[in-house]
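Dear colleague,

I am handing over the structure below, together with an account of what I found when going through it. Please read the notes with the coordinates open beside them.

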Amino acid sequence: MKIGEASRPYVISKAVTLDDDAAVVRAPARVSFRDGALSQVNLPVTGHVVAVHVATGDKVKAGDPLITLTSPDAAAARASAKAAIAEHDAAAKEYQRQSTMATSGVGIDSERVAAEAHMRQTEAELARAQTTVALLGSGGGSTIVLRAPIAGTIIARRATVGSVAQPGGESLIDIGNPAALWIVAEVFERDLMQVHEGADVDIELASGDKPVHGKVASIGSALTGSMRTAPVYIALDGEMPDARSGMYARASIKSQAGKAIVLPSDAVLIKDGKNYIVYVKSAPDTYVAKKVSVGHSIDGKVQILSGLTVGDQVVIKGALLLDGEAEQLL
């Protein structure tokens, strides 16, 4: 496309270079517990709550008692475990007796093989019974004492004295470690290529507290939801004493400087409501439209993700004079 002499002063082009300033990706975020810093305590069998030893906000150490319950299923499981121990002991003694007789030449080999098979069967049954009892935690008979699996703060308590708790239902106690928080930012698909592990991040909490600093720890590998976002996990440089899991935040993630092409927003036009184009000078007074993909637009600038190379002479002012049917990006 050529332009007339009258329009020339209003069409300004500039050679594309890599931007020296780091672009910033802004994304909605939330405060969350790091992996392993949140534990939800539930019951493996149906039980009746007889005592609750903690309240929301209490600090606990690993192993501290949380809830005491009674359960007929627990009594039956412990009785089965004792029976399994006795049966296995008897089977082991019988196998030892048959082995001794076989060594002495007075035993019958088929009986020794049968005794061994029975002993192995009782071993498996004993292991199953002991695993079930281990899930019940401490206590004896029909009593179950649920204990804290990790150190932390009680952030939710749903158990009440007299209630009936069942396996598979809502957790009875939630324990979180407030010192092990991080930020989870939801970054749009088009902005992901600007985000890298180790990038500096500024975080503003919705509560209005002083912004804190962190770094990108990892980037989720899957896009979620109709908004096509991926989680970006941000480790904090320091603690946020007033932060709570679930609080909303805003993350400003800095991309690598000198790695991207950045143009004024006026240089980018929208065609047909979906295509982004820029005009590149190919000869004096001659310009060619190039389709580009764009990243985040901030402060009157937009990052170009693809479609241009360093050195291209891009129209940065007056692009609408070359294409009256297009619309400005901003």
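The notes below go from confidence to the barrel, the cores, one further strand pair and the salt bridges.

This is a predicted model, in which local features are reported only at a pLDDT of at least 70 and side-chain atom pairs only at pLDDT 80 or more, whereas totals for chains, interfaces and linings use all residues. Residues are numbered from 1 along each chain as its sequence is written, and side-chain values use heavy atoms, with hydrogens and water left out.

The mean pLDDT of the chain (pLDDT being the predictor's confidence in each residue, from 0 to 100) is 85, and 93% of the residues reach 70 or more.

**The barrel**

Six strands close into a barrel in the order β2-β11-β14-β13-β12-β15, with antiparallel pairing, where two strands count as paired if DSSP finds at least two bridges between them. Neighbouring strands of this sheet are turned against each other by 40 degrees on average, direction ignored; the axes behind that angle are lines fitted to C-alpha atoms, for helices over the stretch in contact, and angles run from 0 to 180 degrees between N-to-C directions. Strands β2 and β15 run antiparallel and are joined by seven bridges, and Val24 has Lys254 in β15 as its bridge partner.

Strand β15 also holds Ser252, which counts as buried because its relative accessibility is 10% (buried means under 20% relative accessible area, exposed over 50%, partly exposed in between, with a 1.4 Å probe and protein chains only). Leaving aside neighbours within four places in sequence, Ser252 is in contact (heavy atoms within 4.5 Å) with Val24, Val25, Arg26, Asp200, Val201 and Asp202.

**The cores**

A nonpolar core is here a set of buried Ala, Val, Leu, Ile, Met, Phe, Trp, Tyr and Cys residues joined through side-chain atoms within 4.5 Å. The largest one has 28 residues, and those with the most contacts inside it are Val31, Ile183, Ala185, Val187, Val232, Ile234 and Ile253. The elements that give two or more residues to this core are β2 (24-33), β11 (181-188), β12 (200-205), β14 (229-236) and β15 (248-254), and the largest share, five residues, comes from β2. A second, separate core has 23 residues, including Val52, Ala74, Ile150 and Ala165. Returning to Ile183, and again leaving aside neighbours within four places in sequence, its contacts include Val31, Ile203, Val232, Ile234 and Met240.

**Strand β3 and its partner**

Four bridges join β3 to strand β10 (residues 173-176), the two running antiparallel, and Leu38 has Gly176 in β10 as its bridge partner.

**Salt bridges**

With a salt bridge taken as a side-chain nitrogen of Lys or Arg within 4 Å of a carboxyl oxygen of Asp or Glu, the count comes to 14. Arg158 forms one with Glu170, the closest N and O atoms being 3.1 Å apart; Arg158 lies in the loop between β8 (152-157) and β9 (164-165), and Glu170, twelve residues apart from it, in the loop between β9 and β10. Arg158 is partly exposed at 35% relative accessibility, whereas Glu170 is exposed at 61%. Arg158 also forms a salt bridge with Asp174, the closest N and O atoms again being 3.1 Å apart, and Asp174, which lies in strand β10, is buried, with a relative accessible area of 6%.

Arg228 forms a salt bridge with Glu189, with 3.3 Å between the closest N and O atoms, and this pair is 39 residues apart, Arg228 being in the loop between β13 (212-219) and β14 and Glu189 in the loop between β11 and β12. Both are partly exposed, Arg228 at 42% and Glu189 at 39%. Arg228 also has a positive phi of about 55 degrees although it is not a glycine. Finally, Asp109, Arg112, Glu116, Arg120 and Glu123 are linked in a network of salt bridges.

With best regards
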